[in-house]
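Student: Please take one part of this structure and look at it closely, naming the residues involved. After that, please show how a few other places compare in the way they are described.

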Amino acid sequence: MSRLVVVSNRVAPIQEGEATAGGLAAGVLDALKQKGGLWFGWSGEVTATSEPTPEHTVGPITLFTINLSRQDYDQFYRGFANGTLWPALHYQIGLGRFEWPEFEGYRRVNDLFARALTPLVRPDDLVWVHDYHLLCLADSLRANGLRNRIGLFLHTPFPAPGVFMTIPSHAALIKAMCAYDLLGFQTEQDRTAFLDYVTRHAGGSADGLADGTVTIDGRVVRTGVYPIGVHVEEVRSQAETPINRRQATRMRANLMERLIISVDRLDYSKGLPQRFAAFERFLADYPAQHGLVTFMQIAPPSRSDIETYQRIRRELEAEAGRINGRFAEVDWVPLRYLNRSFARNVLMPLYAEAQACLVTPLRDGMNLVAKEFAAAQDPEEPGVLILSEFAGAARELDAALLVNPYDERGMAQAMDRALSMPVEERQDRHQAMLAVMRRNSLERWRDRFVADLQAG
């Protein structure tokens, strides 16, 4: 029986009997527990040299990790992956940089992963690789003699060819990506952008092949659309559990009558400065809401050793203080900015307490906060999701209030509409979103990808 071999930049720490963090980790762990297999990736440790660490087994899952040297971390992770690829994939090319030594470091770490992983893989194993850190891994595995079926799921967007081609090494990246047997994307728009590049700029052909399949350099590469989901019933259960609700109830008691919530990793792709500006516009345009509404932005630190991320943190702290200085009263602070993380058992009931949720990234592969907020709601008295049309989730959750994150006035109007929406309309929108999320669940995302990879 074939095993599942999962490869990702980081391996989530797991303990037998403990709940996982959700999202990718939950989907991967469920699959590994069903089929048995191994999970391979970076340990998160930076050491003197890049080297494997001892394996760790939890039930039917074996974890293999590798440490990275300072040079590999700087060039691969801080450099090309997050300094070049991340901004380009999210259409933020003005924030990116490119240096050939960093691309060489990216290839070197993909090669390092391949050399460490190849001896661990059995002939009939399926290899499921995740995300933009490892676009070149299949190419490196092939060079090491691996002939197994290898698939990549890209959690980020894939940009239009003209944007991707701003990366000077774009041709080498596409060629390496085509060493995979199956490439999975969050939306049809992402897949179309990839196929457009391959057929127009890389000599690929789709003539006479099934939809989404191309031939390039003598290889047949399949593509598919697999929107990642959430455990709908599990999220609602976490939101309702009394022990989980205690902290959310305490936090809620200190706020005003109406709560607008946002939860984002501190990242420039999330549109946080634009969101703060839209909330300021809301306060200016709708003075009747003063003293009644609190906007809570939870933004855990992210990649804090990268200057771009340090800069956005300073900007948001200054903007939060300025907006509160303009509008706050002795007994009312309109904007609560929390630059820290909270456990899921706190967030889910807090989602359920909110009257509205702002999920307004400038670009996002999917955005599971949008789906978790909708799943956490009381179906009798649901809150309203305000969702960026540039999030992958907008392709499915079109019953949300869709907004353009660059439109301050439109976002302010959406906030006012959400807070005044009749309960019947809120219920109809909520039920429509639940129906979609139950169809495109986390389990279906996982099972469809693995089945398509196995089918060949």
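Tutor: In helix α13, the residues Leu 368, Val 369, Ala 370, Lys 371, Glu 372, Phe 373, Ala 374, Ala 375 and Ala 376 are buried (buried means under 20% relative accessible area, exposed over 50%, and partly exposed in between, with a 1.4 Å probe and protein chains only). The model is predicted, so local features need a pLDDT of at least 70 and side-chain atom pairs count only at pLDDT 80 or more, whereas totals for chains, interfaces and linings use all residues. Residues are numbered from 1 along each chain as its sequence is written, and side-chain values use heavy atoms, with hydrogens and water left out.

Since nine of the nine residues of α13, which spans 368-376, are buried, this helix is largely enclosed by the rest of the structure (helices, H or I of at least four residues, and strands, E of at least two, are DSSP runs numbered from the N terminus). Its buried residues pack against the helices α8 (232-240), α12 (344-353) and α15 (423-439), and against the strands β10 (258-263), β13 (356-359) and β14 (384-388), where contact means heavy atoms within 4.5 Å. At the start of α13, the backbone nitrogen of Val 369 has a side-chain oxygen of Asn 367 within 3.1 Å.

Another buried position is Asn 9, with a relative accessible area of 6%, and this residue is found in strand β1 (residues 4-10). Leaving aside neighbours within four places in sequence, Asn 9 is in contact with Gly 41, Trp 42, Phe 76, Tyr 77, Phe 113, His 133 and Leu 134.

Arg 281, in helix α10 (residues 272-285), counts as partly exposed, because its relative accessibility is 29%. Beyond the neighbours within four places in sequence, Arg 281 is in contact with Glu 408, Arg 409 and Ala 412. Gln 413 is 132 residues from Arg 281 in sequence, yet the two are 9.2 Å apart in space, C-alpha to C-alpha. The side chain of Arg 281 also makes a polar contact with the side chain of Asp 285, at 2.7 Å (a pair of N or O atoms within 3.5 Å; within protein, one must be able to donate a hydrogen and the other to accept it, and residues adjacent in sequence count only if both atoms are side-chain atoms).
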